[in-house]
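Dear colleague,

I am passing on the structure below, and I would be glad if you kept it open while reading the notes that follow it.

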Amino acid sequence: MPPSPVELLLARRPETVGQAAFGHVDVTRAGREGLEDVVDDAVRQIEGLTEIDFNPDDRAEDGEILTAPLRGFDDWYQAQAPWSLERVVDELRNPGLPDVLDEEGIRHGRWGFYAIRVPIENMDIIVVRAKSPTWGLTSNKFFASLVGTQLQPVTEPLLAFDRTADLIVVDDTVHVLNPGAVERLFVDADAIKARADRTTASFGAALAARVTNPTLDAIQAVISHNANVGRRVEKLVRSGVLPNVTAAGVRAALPDAGLQLGDFGASGPLQAVTPDHATKLIEIAADLYYQPRFESSSRKVAYFRRLPR
């Protein structure tokens, strides 16, 4: 069966129950040619790069590209999210006969990102850009074009497509060019905060160090209000390193975290009962098994590479 023609999909996080996450856009022949050029330019950015296994906490060096299998990729983020990558790919590769967006649907859809599917040399390629194609084109501006020698207003919705991508799917492999943008796109902050109790329980159970119940309460309170911290804890649980985080190791690292040696208790279960101390405990657990990629790195797991143990 020959490859499908070029397809354009607008996507968003549904704001209400029942709102569609995707909208298809019909494309003319000239439009298809333009989108093919956009995708071709994006794909050139990953040609000849060394593939390394994807981890959301990692960053590729020059000459590298982070890659992962398509199936299971959603598990890194929000597997049930209606706008997840695997659902984007399924929507484009198995669309049936989708309804297409009209002018009002494009203009008022509040679309947050887009995906373009193009078959190139027997490869099924999808580029995803974590940016609205109407960004900067719907503000209070006057848009016009020169027709002959006359300036004419443009009243139709305008869309713009970057000649780059934040991730590229080639057949069944995901190439991640911009892990930070992908993280922001596919993570659901509200869902992270809503499952703070389960995340905290998993964190406490996985640690080799024992912690007091008030410490777990403090961690849960932080996660329920701070999705970034909650996301950090979820990734630590998934990494499998927490059984190596001992109370002795945490206490020894307290000075590096700007704390006193006795701040988590001199012995016994760790006591980090304030929001600040609970957050520092999470950071220390991460820092014990992550190293900075750059000398100026801040204390954020997102900028740390996992150390082999």
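How many bridges join strand β6 to strand β9, and in which direction do the two strands run? Four bridges join β6 (residues 123–129) to β9 (residues 167–170), and the two strands run antiparallel; one of the pairs is valine 128 with its bridge partner in β9, leucine 167. Strands here are DSSP runs of E of at least two residues, helices are runs of H or I of at least four, both numbered from the N terminus, and two strands pair if DSSP finds at least two bridges between them.

Please note that this is a predicted model, in which local features need pLDDT of at least 70 and side-chain atom pairs count only at pLDDT 80 or more, while totals for chains, interfaces and linings use all residues. Residues are numbered from 1 along each chain as its sequence is written, and side-chain values use heavy atoms, with hydrogens and water left out.

The sheet

The two strands belong to an open sheet of eight strands with mixed pairing, in the order β2-β1-β5-β6-β9-β10-β4-β3. Because β2 (22–25) and β3 (50–53) stand at the edges with a single partner strand each, one side of each is left without a neighbour in the sheet. Helix α1 (residues 29–44) lies across β1 (7–11), β5 (113–120), β6 and β9, and runs at about 90 degrees to β5; axes are lines fitted to C-alpha atoms, for helices over the stretch in contact, with angles from 0 to 180 degrees between N-to-C directions.

Helix packing

Helix α7 (residues 213–225) packs against helix α10 (residues 275–287) at an angle of about 90 degrees, with the axes 9 Å apart. The two are therefore roughly perpendicular to each other (65 to 115 degrees). In contact, meaning heavy atoms within 4.5 Å, are Thr215, Ala218, Ile219 and Val222 of α7 and Pro275, Ala278, Thr279, Leu281 and Ile282 of α10.

Helix α8 (residues 227–239) also packs with α10, at an angle of about 40 degrees and with the axes 11 Å apart. Here Val229, Arg232, Val233 and Leu236 of α8 meet Thr279, Ile282, Glu283, Ala285 and Ala286 of α10.

A loop residue

Proline 14 is placed in the loop between β1 and β2, and counts as partly exposed because its relative accessibility is 25% (between 20% and 50%, with a 1.4 Å probe and protein chains only). Leaving aside residues up to four places away in sequence, proline 14 touches Gln19, Ala20, Ala21, Pro82 and Trp83.

Note on methods
Parallel < 35°, antiparallel > 145°, perpendicular 65-115°, else oblique.
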